[in-house]
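Hi everyone, thanks for coming. Let me put the structure up, and then we can walk through it together.

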Amino acid sequence: QDYVFDSIRVSLLETETVEKFNKAQFQVEFRKMTSPSVMLNWSRLRGQIEKGVVSTRLMLYDEQNKPRYILPVTYVNDPDKPYISLQDTILLNKTTFQVNEGNRVYLNPKKFQGSNLILSQGSESISVHASDQAESGLPLTIEIHDFNLESLTGMIFDSTIITGVVNGKFS
């Protein structure tokens, strides 16, 4: 029941600037990872850290080393209201999705106000919206419309194991 990795590589590259220790680039990748329930082909996470902002790009490839998933994410470590935002364009199971400009999901459970994310492709969408009425942002509403489960499950499992279309609204 072990996870077996083939050819792991970790790189941390310092960027020469006036403020030498405030900026760095990183990359973590492996050729293949297998376990009894999960199999990932070539996978790479790379990005940059600068003054509390982590900009990353997760890339997962198929058996022919062609991109299957690309998730560009920025994490801002604001002490009061840390948040993540997704960068355009996202690839989920080889399908291109768009995100709304200026999207943010705040991570402080007491300060969701301002959270606004729409991930869409054609009729498929997932959205997260926080109330503007209170700093808590509650109620937080998540809406899913015609979303194909294999768009996400194919990231870790064979995309034929879990299939179907999801619709719902959660508050």
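**A lysine over a ring**

Let's start with a detail: lysine 81 lies over the face of tyrosine 106, 4.1 Å from the ring centre. A charge sits over a ring if NZ of Lys or CZ of Arg is within 6 Å of the ring centre and within 35 degrees of the ring normal.

Before going further, some ground rules. This is a predicted model, where local features need pLDDT of at least 70 and side-chain atom pairs count only at pLDDT 80 or more, while totals for chains, interfaces and linings use all residues. Residues are numbered from 1 along each chain as its sequence is written, and side-chain values use heavy atoms, with hydrogens and water left out.

**Around glutamine 113**

Both partners from the opening, Lys81 and Tyr106, are among the contacts of glutamine 113, leaving aside its neighbours within four places in sequence. Contact here means heavy atoms within 4.5 Å. Other residues that glutamine 113 is in contact with include Ala130, Ser131, Asp132 and Gln133. Where is glutamine 113 found? Its place is the loop between E10 and E11. Strands (E, at least two residues) and helices (H or I, at least four) are DSSP runs, numbered from the N terminus.

The side chain of glutamine 113 reaches the backbone oxygen of aspartate 132 at 2.8 Å. A polar contact is a pair of N or O atoms within 3.5 Å; within protein, one must be able to donate a hydrogen and the other to accept it, and residues adjacent in sequence count only if both atoms are side-chain atoms. Glutamine 113 has 25% relative accessibility, so it counts as partly exposed. For that scale, buried means under 20% relative accessible area, exposed over 50%, and partly exposed in between, with a 1.4 Å probe and protein chains only.

**The whole chain**

Now let's zoom out. Of its 171 residues, 37% count as buried.

**The core**

Which residues touch the most other members of the largest nonpolar core? They are Ile90 and Leu92, in a core of 19 residues. Strands E2 (23–34), E6 (67–76), E8 (90–92), E9 (95–99), E11 (116–121), E12 (124–130) and E13 (140–148) each supply at least two residues of this core. A nonpolar core is a set of buried Ala, Val, Leu, Ile, Met, Phe, Trp, Tyr and Cys residues joined through side-chain atoms within 4.5 Å. In soluble globular proteins, nonpolar side chains tend to be buried together.

Beyond its neighbours within four places in sequence, isoleucine 90 is in contact with residues including Ile70, Leu71, Phe97 and Leu119. As for leucine 92, its C-alpha is 8.9 Å from that of glutamate 150, although the two are 58 residues apart in sequence. Glutamate 150 lies in helix H1 (residues 150–153).

**Aromatic pairs**

The structure holds three aromatic pairs. In tryptophan 42 and tyrosine 61, the ring centres are 4.1 Å apart and the planes are at 15°, so this pair is stacked. Rings of Phe, Tyr and Trp (its six-membered ring) pair if their centres lie within 6.5 Å; planes under 30 degrees apart count as stacked, over 60 as edge-to-face and the rest as tilted. Tryptophan 42 is partly exposed at 23% relative accessibility, and tyrosine 61 is buried at 10%.

Phenylalanine 97 and phenylalanine 147 form a tilted pair, at 6.0 Å centre to centre with 50° between the planes. This pair links distant parts of the chain, with phenylalanine 97 in strand E9 and phenylalanine 147 in strand E13, 50 residues apart. Both of these phenylalanines are buried.

Most residues other than glycine have a negative phi, and most peptide bonds are trans. Asparagine 93, in the loop between E8 and E9, has a positive phi of about 50° although it is not a glycine. Aspartate 146 also has a positive phi of about 50°, and this residue is found in strand E13.

Is the peptide bond from leucine 138 to proline 139 cis or trans? That bond is cis, with omega near 5°. Proline 139 lies in the loop between E12 and E13.
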